Each structure stands twice: as C-alpha cells, then as structure tokens.
Amino acid sequence: MTTRLADIAAQAGVSEATVSRVLNGKPGVAATTRQSVLAALDVLGYERPVRLRQRSEGLVGLITPELENPIFPALAQVIGQALTRQGYTPVLATQTPGGSTEDELTEMLVDRGVAGIIYVSGLHADTTADMQRYERLRAQGVPFVLVDGFSPKVQAPFISPDDRAAMALAVTHLASLGHTRIGLALGPKRFVPVQRKVEGFVRAVQEQLGLSAETVETELIQHSLYTLEGGQAAAGALMDRDCTAVVCASDMMALGAIRSARQRGLEVPRDISVVGFDDSPLIAFTDPPLTTVRKPVPAMGQAAVRTLLEEIGGTPAPHSEFVFMPELVVRGSTASAPGERKRP
C-alpha cells in the first residue's frame, strides 16, 4: 500500500498524504488536485475505490463512421473523456460497411434512453441525404449535436473545422516552396466538407498562382474515396497531370499518395510534395513525417460535449455552426519544387 501511495503521489505531483485523503474520500482537497490523483490511478492501472466511482448522470450516444481512420478514435476519445468528466457514460456506436446504418444505431440508442447523441461525419454531411431524420429525432425530444458537416435544413448546433482555411494554409505553404502545379485529392463531391475544401482550394490557387477557376477545377482536383487506396488513385491521376505537389483531404489519403509516388520511382519530398489533413495520431512518425493541416480535435470534441450538455440542461446553444481554425504542421513530406532546386 505504501509503495502504491508513493507511485500515485509521484505520478500526480502531490504528497502521499494528499493521495490518502483523496482515496479515503476526505474533504479539504481541491477539485483539480483530486482529478490529478484519480488520473494518476488510471494511468498506473490501479482500480478506483468504489466510493470514488462517479454515479452516471445517464448515457450519451456517440455515432461515428468506421474506426480505421485514426482521426475518428481520436475524436471519440476526447468526447468520451469530456462526457465522463461530467458524469455521463459514453456509448460508442460505429458504422461499418454492411453493418448497422446511422438510423438503426440512432433507434438503438433512443430505445436505451440516452440523454443525447453526438454525430460525427454522419448523414448530415451528405448533401443527398434526407435531413428529415434529424427533425424526427428532435420531435422525440432527444438533444443532439452534429460534428463535421453542415445543413441549413437541420435546426441543431454544428461543430466544424474551417475547411476553406485549411486549403488556404496548404496551398500558401506549397506556393511559397515554388510549386506551381498543386493538386487536390479528396472524397466524393456530395459531402459538405469536400465541397468546402474545393471552394477554399480553388480560391487559394487563384490568389497564389493566378490560375482560372475552370483550370483548377478541371485539371487540379481529383475526387476519390477517403481511404489509402483512394489517395493512391487520386494522386496517381494528379501526377499524370504534372502536379509536383498534392494536398490530400485526409492523412490516410496522403499515405496513399506517398505510396503512389514510390510506385513510380519518385521520392517524397524530393520529386513530389504531399500534404495531409487531420494530423492523426502517429502521423508524425511516418516515412517521411507527414506535413499536414491539423484538425483542432480537442477543441471540437470538448465543444461538442459542452454544447450537448447545454441542450440536455434545457439551455440550448444557438442553432448555428461553431467553426474551429486548423493549423499547418510542417514536417518532412514537403520541400521546394523540383525546378526551384535546379536554379543557381
């Protein structure tokens, strides 16, 4: 027990006496200090004493796409932790091809009496989907928040990254390195984040390189799937059009673009530069480390929870979109355009 107290105290940065007070449920410990001790217990793998386990305020559903793209587990972790801190129990429901649909998962969660639902990259992002499903959910009295995707037809709070600004960051970076043929690889046209990225990309290339919107749209944009294979196919098509740099709409697509370049005997970034989007976990450790536009996952996840809890508490957030600014993270997959390096 003494060894355990010492371990926990060292991890939490407090005295053993403080750890003892927290574990025994004694008063006189600041909330932040108590949280640090509980976090230390979790990190070290010790079980929390029964008296310290929070009684659940209720269940909150979180519906995400497949978890193969690491950005979705990262967002789920932020949202889950934020809900737990507020006393709620997160219930993760994942859509997979051939598995349960969003509507089926919603029905399952509502049947279990969830206090609210957070949707990540759901049908609300698909411009061809029927938005009446969300109005029916509202009519049932279930609060919900929608992440990544916007529809003016749905009266709910939306949480989004600034996709247009993300493209401006990527294009400005590549143009500053001397690239004049910059391509964009991204998912199907029907999704709102895709449409916004296209708008931002077209505007940025016009401003930075002076190309016409028609040239950009017909020669420099390639739609595919949000997968490694999709990125590989799209990047290959863009390289066939003499692009020396490719901006990808996800890190998974960017890994596909790097694979496509290597299959052609090209080196990244010597022969072609690649930029991702998301800054997924472990993406800094790829070969080469990926330059990417970081999606503000912690801020977005916490905002989604805060907004939902306001809805649950009866003080709804305004039915509008909360937009979060991404940032460019420059690593090893971008360099000067090949022609630039040959100049004296």
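Modeller: Helix α4 lies across β1 (58-64), β2, β3 (116-120) and β4 (144-147), and runs at about 160 degrees to β2. The model is a predicted one. The strands that α4 lies across belong to an open sheet of six strands, ordered β2-β1-β3-β4-β5-β11 and paired in parallel. Its edges are β2 (88-94) and β11 (321-324), each of which pairs on one side only. On average, neighbouring strands of this sheet are turned by 20 degrees against each other, direction ignored.

The largest pocket has a volume of about 1100 Å³. Its lining counts 38 residues, and the closest to the pocket centre are Pro65, Glu66, Phe72, Ser121 and Tyr226. Two or more lining residues come from each of α4 (71-85), α8 (192-209), α10 (228-240) and β9 (273-278). The top contributor is α8, with three residues. By class, the lining of the largest pocket holds 17 nonpolar, ten polar and eleven charged residues.

Helix α8 lies across β6 (182-186), β7, β8 (245-248) and β9, and runs at about 180 degrees to β6. Those strands are part of an open sheet of six with mixed pairing, in the order β7-β6-β8-β9-β10-β12. Here the edge strands are β7 (221-223) and β12 (327-329), each pairing on one side only. Neighbouring strands of this sheet, too, are turned by 20 degrees on average, with direction ignored. Within the sheet, β9 pairs with strand β10 (residues 291-294) in the parallel sense over four bridges, and Val275 has Thr291 of β10 as its bridge partner. Helix α11 (residues 251-263) lies across β6, β8, β9 and β10, at about 160 degrees to β9.

The relative accessible area of Arg196 is 12%, under the 20% limit, so Arg196 counts as buried. Leaving aside residues up to four places away in sequence, Arg196 touches Phe150, Ser160, Asp163, Arg164 and Glu321.

How values were computed
Residues numbered from 1 in each chain as written. Predicted model: local features only at pLDDT ≥ 70, side-chain atom pairs only at ≥ 80, totals over all residues. Heavy atoms only, no water. 1 Å grid on protein atoms, 1.4 Å probe; cavity = no way out; pocket = protein on both sides within 12 Å on 5 of 7 lines; lining within 4 Å. Points joined across faces, edges and corners; volume = space filled by probe spheres on them. Nonpolar A, V, L, I, M, F, W, Y, C, P; charged D, E, K, R; others polar. Pairing = 2+ DSSP bridges. Axes fitted to C-alpha atoms, helices over the stretch in contact; angles between N-to-C directions. Contact = heavy atoms within 4.5 Å. Buried < 20%, exposed > 50% of the residue type's maximum accessible area, 1.4 Å probe, protein only.
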